[in-house]
Amino acid sequence: MSIVDPRSGAPLTAPQDATASAPHEAPSDEQLIIDVDRNNIQQLLEFSMQVPVLLDCWAPWCQPCKVLMPILEKLTREYRGTFILAKLNIEENQEIAAQLGVCSVPDVKLISQGGLVDHFQGALPEKEIREWLSRYFPAPEDAPASPEEQAAEALAQGDTATARALYEQLVQQSPEHYPYQVELARTLVAEGRSDEALALLDALPPEERDSAAARGVRASIEFREEAPDDEELAGLAGRDDSEAQYKRALRQVADGDYETGLEGLLAVMQKDRGYEDDAARKTLLRVFDALGADHPLTVTYRRKLFTLLY
């Protein structure tokens with residue numbers, strides 16, 4: 001199969017100026033996505049002098065390859081000729097695969113100016129692939145939110161039904177990408193289905209069951225179990241002792257009002273560090289686990305906790 005310049009639509013004849021202007025019309029799939037073999041591999045390397053090439057090394061027996069390829073094809077269309085996608089079946093082209101140093105698949109290599117720029121292995125989720133591409137290419141202006149981003153946004157907005165449907169779809173598409181299962185469990189907790197969430201977490205491989213994200217979901221379940229119910233909360237009205245402050249903060253965390261709850265826990269620490277064997281500090285750390293290390297509230301309140309302690 002010949003290689004077609006996605007900017008001009010013409011077959012490649014010789015390397016040209018890589019700064020050529022972009023096309024007025026969107027390139028077709030035939031221009032953007034090609035199969036590569038020994039008959040056109042050299043032409044592909046020459047073509048990379050003009051337009052970067054994303055080389056997807058795959059095999060028919062590789063299930064993760066089947067998960068990854070549609071994502072790469074979607075992103076290639078979205079980027080509209082910023083790069084092309086070349087697909088190499090390593091079973092049919094073992095000599096080329098060996099020359100490229102392919103040890104396992106999927107293996108995706110970014111080739112530009114005839115040389116290897118970067119690569120990644122494994123069926124990464126779409127969000128991580130977008131982040132990887134962003135190191136080298138500006139994101140398309142009208143790029144739609146990925147399913148992961150849509151699910152996270154839906155959950156943040158309290159639309160648990162949409163979030164659950166999206167995470168279930170992601171789990172089905174990438175059953176071995178365990179963070180999707182953890183986020184599905186987090187969504188189930190938000191729906192009040194803690195037993196189902198725990199069953200999902202318990203079914204994860206041991207190393208995934210103990211991940212920070214999984215521990216965080218378990219912590220959120222524990223908060224719901226430990227927090228005072230409405231009747232007990234009403235009984236705390238008017239009280240300003242450490243027990244009342246702590247339990248109110250615990251209920252706020254369980255209800256998802258994390259910032260107010262974190263402030264309450266810090267207040268208990270400042271007022272009564274010894275309350276229930278330093279329960280406020282320990283609970284703060286559990287909330288950080290529940291939110292995740294990169295959450296803005298975790299970053300902010302870790303700093304406040306450090307200042308308070310030292």
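## The sheet

In what order do the five strands of the open sheet stand? The order is β1-β3-β2-β4-β5, and the pairing is mixed. Strands here are DSSP runs of E with at least two residues; helices are runs of H or I with at least four. Two strands pair if DSSP finds at least two bridges between them.

β1 (33–35) and β5 (115–121) stand at the edges. Each has a single partner strand, so one side of each lacks a neighbour in the sheet. From one strand to the next, the twist averages 25°.

## Inside the sheet

β2 (residues 53–58) and β4 (residues 107–112) run antiparallel, joined by five bridges. L54 has L110 in β4 as its bridge partner.

## The model

This is a predicted model: local features need pLDDT of at least 70, side-chain atom pairs count only at pLDDT 80 or more, and totals for chains, interfaces and linings use all residues. Residues are numbered from 1 along each chain as its sequence is written, and side-chain values use heavy atoms, without hydrogens and water.

## The largest pocket

The largest pocket has a volume of about 1200 Å³. A pocket is an open set of points on a 1 Å grid where a 1.4 Å probe fits, with protein on both sides within 12 Å along at least five of seven lines. The volume is the space filled by probe spheres set on the points.

The lining has 36 residues, each with an atom within 4 Å of a point. L155, E183, R186, A290 and L291 are the closest to the centre. α8 gives the largest share of the lining, six residues.

Definitions and conventions:
Axes are lines fitted to C-alpha atoms, for helices over the stretch in contact, and angles run from 0 to 180 degrees between N-to-C directions.
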